[in-house]
Amino acid sequence: MIMIKKATRDAFGDVLPKMGEKYNNIVAVDCDLGKATKIASFGKAFPERFFQVGIAEANAIGIASGMSQYGLKVFLASFASFLTGRYDIIRCSIAYSNCPVVLVGTHVNMSIGKDGVTQMGLEDVALMRALPNMKILNCATYSEAIKCIEYLCETKLDGPHYLRLGRQPIEDVLEERNEPFEFGKATVIKEGTEVVLFSTGCILPDVLKSAQIIENEYRHFSVKVINFHTLKPIDKDIIVECARADLNLFSIEDHTIMGGFGSIISEVLTDECPKKLTRIGLNDVFPESGPPDQLYEKYGLSAEKIAERVLKEL
């Protein structure tokens with residue numbers, strides 16, 4: 001069976017206009033990147049509820065904060081690196097004020113490729129999770145992003161949410177599973193009894209392939225794969241359950257390991273059940289510009305390189 005390949009940002013462009021038909025309080029704010037972030041599709045459907053502020057993320061954040069105080073559900077989209085670059089304004093105008101704004105950071109991860117480091121969202125999780133009140137979602141596939149966006153539109157939000165979306169088309173390895181979306185809960189994608197790979201975001205297809213490589217080449221290892229679409233609040237229960245089951249623990253992320261997904265899991269383990277965790281991701285480096293597959297290979301995030309690292313640790 002051939003799986004569809006679509007980017008998680010495509011789900012944003014496809015679903016938000018449909019949600020706009022159901023909920024007339026949804027509005028969108030764009031920073032002159034609507035075609036890239038896909039928020040422009042909402043503007044075409046509802047021009048009277050679409051606000052183009054130009055290359056001015058700082059102003060856009062203030063505008064979104066103000067509109068949210070009048071019962072409007074605001075989606076503000078820009079590249080993650082540009083949006084979180086206005087950190088002080090997000091801190092004061094969104095997080096401190098506890099505004100129910102959805103900040104959508106697209107073009108996350110090294111896998112955007114040739115656009116280069118200046119446009120790669122590689123530190124945004126570390127930044128946003130430090131903010132009180134802020135919740136973080138990181139979709140793995142197109143179908144999961146659809147459920148996540150529907151949740152954000154249909155739920156009365158109790159504060160700000162940060163949604164990470166990728167640029168690159170990836171295999172939708174979750175399409176056939178058709179599982180309900182539950183905020184704050186991770187999902188077991190593959191069962192295993194000796195090794196667990198904790199995964200978040202668009203790297204999931206590579207993580208699943210790495211599990212197959214490990215099991216096919218070293219049959220005495222049984223590998224479990226768990227996908228986390230919610231990073232804050234993290235699903236502590238499933239992390240502790242894996243630690244107490246004496247599984248070998250690995251976290252994998254297309255993001256810096258400094259303060260990222262692996263750090264979140266490490267903090268849970270420190271507090272709840274001390275156990276060694278091997279963090280796989282960008283290790284305090286700025287990557288280069290290049291094709292995504294070559295970048296993944298060079299920086300240890302291809303399926304083969306993930307498998308090699310896991311086996312080396314074991």
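## Burial

Buried means under 20% relative accessible area, exposed means over 50%, and partly exposed lies in between, with a 1.4 Å probe and protein chains only. Lys135 has a relative accessible area of 18%, so Lys135 is buried. Of the 314 residues of the protein chain, 57% count as buried.

## Basis of the model

This is a predicted model: local features need pLDDT of at least 70, side-chain atom pairs count only at pLDDT 80 or more, and totals for chains, interfaces and linings use all residues. Residues are numbered from 1 along each chain as its sequence is written, and side-chain values use heavy atoms, with hydrogens and water left out.

## Fold and dimensions

The protein chain holds 13 helices and 14 strands. These are DSSP runs numbered from the N terminus: helices are H or I with at least four residues, strands are E with at least two. The C-alpha trace spans about 60 × 40 × 35 Å along its principal axes.

Contact means heavy atoms within 4.5 Å. Among contacts between residues at least 6 apart in sequence, 78% join residues at least 24 apart.

## Charges

The protein chain has 35 positive and 42 negative charges, and their mean positions are 2 Å apart. Lys and Arg count as positive, Asp and Glu as negative; His and the chain ends are not counted. Each charge is placed at NZ of Lys, CZ of Arg, CG of Asp or CD of Glu.

## Around Lys135

Lys135 sits in strand β6, residues 135-138. Leaving aside residues up to four places away in sequence, Lys135 touches Asp158, Pro160, His161, Tyr162, Phe183, Lys232 and Pro233.
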